[in-house]
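Have the viewer open and follow along.

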Amino acid sequence: MQHSIQSNTTWKTPSNIAIVKYWGKRDVQEPVNPSISFSLSEATTTTKVTASPSEKGGFTFLFDGKEQGSFDKKIRKFLELAQVRLPLIKDHFLKIESSNTFPHSTGIASSASAMSALAFCLADLQHQITPENPLDISEVSSVARLGSGSAARSVYGGWNLWGRLTEIPESSDHYAVPVPVSVDPVFQKFHDDILIVKSEKKPVSSSAGHALMNHHPYRNGRIKQAHDNTLNLIKYLETGNLEGFIEMAESEALSLHALMMSSTPSYTLLQPNSLLLIEKIREFRKTKDIPVSFTMDAGPNIHLLYPDEYQKEISGWQEKELQPLCEKSRIIRDNVGNGPQKIINS
Ligand code: PMV
């Protein structure tokens with residue numbers, strides 16, 4: 001029997017942007033294919049969890065200080081799955097207070113930062129109750145995965161891999177690991193400027209999209225493509241191969257949306273301005289010979305990717321050509337981040 005505590009903890013964790021996309025799952029949130037992402041620096045969630053002894057368990061969720069019923073179902077499901085690993089969930093009432101630095105449900109992976117922050121808070125509280133069990137980051141990743149697959153990759157800074165490949169013995173379907181190479185400096189200070197095309201809640205959730213992969217006609221081809229791309233991206237990251245990276249990042253993003261467009265039922269999350277932005281990015285790259293590229297998440301927004309050394313040349317063009325195509329001229333400027341942080345004295 002574990003003892004109970006009255007305690008709280010606060011963690012700030014990043015969202016991440018995948019270059020090789022996770023799309024489709026099996027069993028309990030295990031991916032059908034491996035994926036690689038980098039953690040962001042500015043797009044973060046900060047979550048405080050206050051645990052109070054309670055025989056019945058239970059929770060309340062406040063987002064930006066207000067009760068947000070729309071998230072309750074997802075959190076309840078997560079807590080049910082996580083309580084096997086974190087028994088404190090069963091005999092504590094949890095007050096969960098969260099805020100984001102960016103709009104949720106826009107295709108920016110808000111569930112990645114939200115679920116990784118919650119997983120860190122709960123694992124930390126569990127560690128306070130049972131200090132003999134260390135706060136193990138791969139275990140936090142594995143718990144975060146139960147809330148949202150992409151959250152498994154948001155427990156570290158830099159570039160991370162989730163999903164088992166026989167070629168990489170340390171890889172796992174249960175938790176993410178840092179990419180197993182030393183990343184070339186060009187990819188260590190890499191930018192992701194998120195061009196907000198539409199910030200409304202997207203019409204088809206990622207969970208619904210993953211489910212449509214179960215009987216997708218291109219399922220096997222996609223799994224092979226992601227597998228090959230993962231192994232190649234690791235090489236590109238190690239050798240600083242920007243050309244290979246650009247080709248792959250864009251093909252992965254467009255493949256993700258092509259899978260949505262070819263599911264049954266089919267759907268599209270792209271907006272006319274998403275395509276206009278893609279055209280402008282490709283044209284600028286070609287005419288100026290600047291290694292700028294894009295990726296997309298499951299949403300209409302475009303993530304503009306480029307190495308730090310081109311920031312100056314890109315910023316004038318971005319302001320003139322890209323910003324007018326963004327909703328309310330909105331751009332979230334981000335880059336590779338250092339990963340989760342425990343907030344002391346919150
Ligand atoms: O973690 P989920 O279930 O929200 O899925 C996210 C899937 C993508 O963002 C589209 C790709 C990825 O690997 O993050």
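This is a predicted model: local features need pLDDT of at least 70, side-chain atom pairs count only at pLDDT 80 or more; totals for chains, interfaces and linings use all residues.

Residues are numbered from 1 along each chain as its sequence is written, and side-chain values use heavy atoms, with hydrogens and water left out.

Back to that helix pair. Two packed helices are described by the angle between their axes and the distance between the axes. Here the axes of H1 (residues 72-82) and H2 (residues 110-129) cross at roughly 45° and come within 12 Å. Axes are lines fitted to C-alpha atoms, for helices over the stretch in contact, with angles from 0 to 180 degrees between N-to-C directions. Helices (H or I, at least four residues) and strands (E, at least two) are DSSP runs, numbered from the N terminus. The H1 and H2 crossing is right-handed, as the near helix is turned clockwise from the far one by less than a right angle. On the H1 side, Lys74, Ile75, Phe78 and Leu79 make the contact, and they meet Ser111, Met115, Leu118 and Leu122 of H2 (contact means heavy atoms within 4.5 Å). Sorted by type, these residues are six nonpolar, one polar and one charged.

Now find strand S4 (residues 35-53). Twelve bridges join S4 to S1 (residues 7-20), and the two run antiparallel; two strands pair if DSSP finds at least two bridges between them. Ser7 sits opposite Ala51 in that pairing. S4 also pairs with S7 (residues 92-100) in the antiparallel sense, over nine bridges, with Thr46 partnered by Ser99. Then there's S8 (residues 159-162), joined to S4 by four bridges, again antiparallel; there, Ser37 has Asn160 as its bridge partner.

What else does S4 hold on to? The whole structure has 13 aromatic pairs, counted when ring centres of Phe, Tyr or Trp (its six-membered ring) lie within 6.5 Å. One of them is Phe38 with Phe190: the centres are 6.3 Å apart and the planes at 90°, so the pair is edge-to-face (planes over 60 degrees apart; under 30 is stacked, and the rest are tilted). Phe38 belongs to S4 and Phe190 to S10, so the pair ties together parts that are 152 residues apart in sequence.

S10 leads us to an open sheet of four strands in the order S11-S12-S10-S13, with antiparallel pairing. S11 (293-295) and S13 (331-335) are its edge strands, each pairing on one side only. Ignoring direction, neighbouring strands are turned by 25° against each other on average. S11 and S12 (residues 302-307) are joined by three bridges, and Thr295 has His303 in S12 as its partner. Helix H7 (residues 242-261) packs on this sheet, touching S10, S11 and S12, and its direction makes about 35° with that of S11.

Thr264 and Pro265 are joined by a cis peptide bond, with omega about 0°, and Pro265 is in the loop between H7 and H8 (272-288). Asp27 has a positive phi of about 50° although it is not a glycine; look for Asp27 in the loop between S2 (25-26) and S3 (30-31).

Notes
Ala, Val, Leu, Ile, Met, Phe, Trp, Tyr, Cys and Pro count as nonpolar, Asp, Glu, Lys and Arg as charged, and the others, Gly among them, as polar.
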